[in-house]
Amino acid sequence: MRSTQCARAWAPRTSHREYGIVTEPPETAPIVVDARGKTCPMPIIMLAKAAAGLPDGTELTVLATDLAARYDVPAWARMTHHDFVGESKTDGEALALTVRLRS
Amino acid sequence: MRAGFADGWADPARLSSESRRARALVDGSREAIAEALGARPELVHFTPSPHAAFERAIAGIHAARRGRHRILVSAIERDALANAAAFVAPHAVDSVDIDPQGHVSIEHLTAALQSGDVSLAAVQHANQELGTVQRLEDVARATQGSGVPLLVDATSSIGHIDPPAYWDALVAHPADWGGPAGIGVLALEPHTRWLPAWPEGDDWAPGGICVPLALASAVALQERDERRQREGARMSALVDRIRATAAGLAGVEVLGDPRERLPHVVTFSCLYVDGEVLLGELDQRGFAVGSGSACVSGTLEPSRVLAAVGALTHGNVRVALHPGVTEQDVDRFLVELPDALDAVRSRLGAPHIAS
């Protein structure tokens with residue numbers, strides 16, 4: 001059930017809006033991938049989708065409430081040859097994990 | 001086991017001839033296990049479970065090390081051991097780092113031992129998820145250099161590889177070598193000091209142990225060690241094949257040390273896969289494998305072992321080969337695995353992975 005919804009939600013063009021990925025002004029803030037409330041492996045699938053096609057040096061920050069994201073986002077960066085920048089604080093209970101893309 | 005029930009039904013602590021026979025069976029079992037472990041028979045104790053062995057070893061050794069408060073535990077020890085340490089030394093358990101292959105950092109261990117306040121250190125022989133076998137000679141050099149007793153958890157290794165050569169206290173689990181559940185083994189070195197931190201004095205199994213279980217444990221270990229000599233190399237070659245093929249798949253990372261490892265276990269993690277769904281997919285294709293993923297074990301915290309080595313904590317497949325597994329079984333698994341991965345990934349809408 002869940003996977004069917006995911007497949008539909010990730011159709012081209014509508015995906016960013018449906019998953020709440022907000023593109024901030026590019027010269028200042030990183031792209032935010034809001035995966036709060038999602039359980040593994042959805043946060044890193046959302047991250048990978050958001051990262052596809054973006055240029056080197058782009059930073060993306062994943063917001064996640066699933067504790068596994070703390071380990072999975074750095075592991076994703078290592079396995080896909082990007083850089084894990086670090087974890088930062090958020091206002092709420094979510095983790096904020098930032099990666100920098102590298103080709 | 002039947003011999004144990006036929007001759008070992010009596011209480012080995014009493015004086016009747018039946019009791020003497022039961023006691024002789026326990027002593028014989030202890031001797032056989034001691035020989036397999038390279039331990040002294042009189043210092044091999046049966047306990048009600050490996051958990052009880054961890055608890056008693058940690059509590060007893062800690063009690064004898066008066067004035068020293070902290071316990072060192074590697075980051076990938078079993079929960080049962082880590083919990084026992086935390087119970088004996090509340091807020092005084094320090095985790096020792098491990099490297100990405102799962103080996104204890106000797107540098108970190110040595111530094112942690114410097115404080116002079118360490119009562120004991122616990123490092124496992126082999127890890128049940130990663131398969132990695134620790135370099136206990138190096139670990140023991142560090143602990144001996146500081147005069148700190150070393151507790152080795154060998155519950156995943158005895159029966160699969162040669163017993164460890166370096167330990168001051170050792171815990172083993174008969175169920176892991178094909179023996180019965182409901183019994184544990186604790187071995188001590190002659191120099192290892194301990195004090196009873198319990199009311200029963202030097203009785204390590206209060207209330208007695210089940211004689212048939214002790215006998216069955218010893219018989220199973222002898223059988224397993226004979227079979228290990230014949231089968232170990234074959235199993236290890238099959239695991240090598242799984243490791244090589246899995247490592248070549250897109251978005252798959254094989255964990256643990258490729259050489260210093262258990263012969264029959266391999267774990268790999270797969271990007272963009274729900275571990276439980278992948279297990280179901282493989283199960284449909286006739287393969288029963290395990291997973292270390294948090295979402296499968298039903299807890300919110302991800303696997304400590306996987307987190308400690310920096311692996312993905314989801315999408316893990318743990319393959320444990322039993323002696324009946326053939327080369328053809330493994331080949332078929334390796335043909336089905338990429339299809340199973342593709343099926344799960346496309347259902348989750350996962351992105352394409354550049355290989």
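Chain A contains an open sheet of four strands in the order β1-β2-β4-β3, with mixed pairing. Strands and helices here are DSSP runs (E, at least two residues, for strands; H or I, at least four, for helices), numbered from the N terminus, and two strands pair if DSSP finds at least two bridges between them. The edge strands, β1 (31–35) and β3 (83–88) of chain A, each pair on one side only. From one strand to the next, the twist averages 20°; axes are lines fitted to C-alpha atoms, for helices over the stretch in contact, and angles run from 0 to 180 degrees between N-to-C directions.

This is a predicted model, in which local features need pLDDT of at least 70 and side-chain atom pairs count only at pLDDT 80 or more, while totals for chains, interfaces and linings use all residues. Residues are numbered from 1 along each chain as its sequence is written, and chains are lettered from A and ligands numbered from 1 in the order in which they are written.

Strands β2 (residues 59–64) and β4 (residues 95–100) of chain A run antiparallel and are joined by six bridges. In one part of β4(A), A:Val99 is the bridge partner of A:Leu60.

| Helix of chain A | Strands touched (chain A) | Angle of direction |
|---|---|---|
| α3 (residues 42–51) | β1 and β2 | about 150° with β1(A) |
| α4 (residues 69–79) | β2, β3 and β4 | about 5° with β4(A) |

Leaving aside neighbours within four places in sequence, A:Val62 is in contact with residues including A:Val33, A:Leu47, A:Val73 and A:Leu97. Both A:Val62 and A:Leu47 are listed, with B:Ile58, B:Ala85 and B:Leu278, as having the most contacts inside the largest nonpolar core, which has 134 residues. Such a core is a set of buried Ala, Val, Leu, Ile, Met, Phe, Trp, Tyr and Cys residues joined through C-beta atoms within 7 Å; a residue is buried if 20 or more other C-beta atoms lie within 10 Å of its own. Helix α7 (residues 211–247) of chain B gives the most to this core, with 11 residues. Because domain 1 (2–223) and domain 2 (231–348) of chain B both give residues to the core, it lies between them; the domain bounds come from an automatic or database domain assignment.

Between the chains, 23 residues of chain B are in contact with 21 residues of chain A.

Technical notes. Contact = placed C-beta atoms within 7 Å. Buried ≥ 20, exposed ≤ 12 C-beta atoms within 10 Å, placed from the backbone.
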